[in-house]
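Try each task yourself, then read the solution step by step.

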Amino acid sequence: MSHRNTEDEFDLCARAELSLAYEPGEAPAKLFRNTPWLSRRWVQTSCVLALVASTVLGGVLAVRPPELVRGAIEHEYYERTLRGSFMEASTLLSHLGLESSRPVPGYPQLMRPCDIDGKLAYHLTTFFEKGGIVTVFAFDKPISLKEEQGWWNDVYWQVVTSRDGRPLVLISEKKKALAVAYRVFSLPPA
Amino acid sequence: MFLTSEARYNQWVRDHYRFLMRSAWALTGSRAVAEDVVQDCFTNAWKCRDQLRDALLVRPWLFQIMRRSIFRHLPPCSQLLEEGDEDRWGEAPDAGIDNRLDVVKALSRIAPIHREVLVLYYFDDMPTAQIAEALEIAPGTVLSRLARAREALKNAMTTPDQSPKAANPKSGSHNVTSIKKN
């Protein structure tokens, strides 16, 4: 028993003295990790993602056509397979800026008045032998669209000024067809 | 609460630095070497933290890594352990106080395998099972080794300092058991 007590006492003393002798203090700063914000993986990943997202968004906004043209493209998509003549050819031709006494250019597929974004429009889908199917929209009321062209939603589009000075929206899946339509609807007759 | 990997590492350092530093210091006899060993130990341990089976055994596990780190990366340390160099052990901060000096010097003079078990027992008050885990020996061996280590420390404190170098430089490590690399 006495031996055990001596042992405990010795352990107690040794523990106390060694603890005081080997006092390490607090951990030095160099042991801790402190990665700068910009070097952190998630910050770098976020920056790259933000850059990619802004590039994509910027690209999309750059090629995005005016609202009216987007409406016309959507309208054309839903009526792509519709065929028929639902209005007088002469009326349509006059709205397109062409002589009402002449035949409708190409092989007409669809002629009808329609509504695009609350605006009355005249819709002509016709087939040009040397280009392909083209859809032309003329608007009843004056609208402000400047001449430009582009690609959106898998179709080519172009805003041209008709022979009587009103804007027309041309839409086609083939760029070549747009060139043919441009010659027919925009340029003055030779 | 969600902690980033960095924050968890820093918390780990805060939790175990004192234990590891004291142990490394007592085993190597040099504070500077101990600092290097501890830094190395934290780095290695963090890399393979997935290998830690039981969170309760983190200290024995860290001690194992630190022990290996002493041998693997700092070969001169093993020499320190074996030689019991008095000059180096004189680096203990409060060596001027007689009793403390006696214990520190006595600790330097006992066999490293005894020193290890005493370090774990005195510094961290580690249970036998954890000491066994840290030293990779059987729990029964821990008890017997602890008893012998205690006796050796007592003897080293009571017997006059007979520096192995002074007595016979060639037999310096004759009665000192080196720590075996596991």
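**Exercise 1. Find the element of chain A that holds Val52(A), and decide whether Val52(A) is buried, partly exposed or exposed.**

Solution. A word before we start: this is a predicted model.
- Step 1: Look along chain A to helix α2, residues 41-63, where Val52(A) lies.
- Step 2: Take the relative accessible area of Val52(A), which is 46%.
- Step 3: Together with Val48(A), Val56(A) and Val60(A), Val52(A) forms a nonpolar patch on the surface. The accessible area of these four residues together is about 320 Å².

**Exercise 2. Describe the makeup of chain B: how many helices and strands are there, and what share of its residues is buried?**

Solution. 
- Step 1: Count the elements. Chain B has 10 helices and zero strands.
- Step 2: Read them in order from the N terminus, and the pattern is α-α-α-α-α-α-α-α-α-α.
- Step 3: Turn to burial. Of the 182 residues in chain B, 50% are buried.

**Exercise 3. Work out why Cys41(B) forms no disulfide.**

Solution. 
- Step 1: Search the whole structure, and you find zero disulfides over all chains.
- Step 2: Check the distance. The closest cysteine sulfur to that of Cys41(B) is in Cys48(B), 9.2 Å away, which is too far for a bond. The cut-off for a disulfide is 2.5 Å between the sulfur atoms.
- Step 3: Do the check from the other side. For Cys48(B), the nearest cysteine sulfur is that of Cys41(B), and Cys48(B) is in no disulfide.
- Step 4: Look at accessibility. Cys41(B) is buried at 0% relative accessible area, while Cys48(B) counts as partly exposed at 21%.

**Exercise 4. Find which side chain of chain B meets Arg40(A) in a salt bridge, and where the two partners lie.**

Solution. 
- Step 1: The whole structure holds 14 salt bridges over all chains. In one of them, Arg40(A) meets Glu6(B), with 3.4 Å from N to O.
- Step 2: This pair crosses between chains: Arg40(A) is in the loop between α1 (2-21) and α2 of chain A, and Glu6(B) is in helix α1 (residues 5-28) of chain B.
- Step 3: Both partners are buried: Arg40(A) has 19% relative accessibility, and Glu6(B) has a relative accessible area of 16%.

**Exercise 5. List the residues in the salt-bridge network around Glu136(B), and trace two of the bridges.**

Solution. 
- Step 1: The linked residues are Arg67(B), Arg68(B), Glu116(B) and Glu136(B).
- Step 2: Arg67(B) bridges to Glu136(B), with the closest N and O atoms 3.9 Å apart. Arg67(B) lies in helix α3 (residues 58-73) and Glu136(B) in the loop between α8 (128-135) and α9 (139-158) of chain B, so the pair ties together parts 69 residues apart in sequence.
- Step 3: Arg68(B) also meets Glu136(B) in a salt bridge, at 2.7 Å from N to O. Arg68(B) lies in helix α3 too, so this pair ties together parts 68 residues apart in sequence.
- Step 4: Arg67(B) is buried at 8%, Arg68(B) is partly exposed at 28%, and Glu136(B) is partly exposed at 35%.

Conventions:
Residues numbered from 1 in each chain as written. Chains lettered and ligands numbered in written order. Predicted model: local features only at pLDDT ≥ 70, side-chain atom pairs only at ≥ 80, totals over all residues. Heavy atoms only, no water. Buried < 20%, exposed > 50% of the residue type's maximum accessible area, 1.4 Å probe, protein only. Helix = DSSP H or I, 4+ residues; strand = E, 2+ residues; numbered from the N terminus. Patch = residues over 30% accessible without salt bridge, like charges linked within 9 Å, V, L, I, M, F, W, Y side chains within 5 Å. Areas by Shrake-Rupley, 256 points an atom, 1.4 Å probe, with all protein chains shown as cover.
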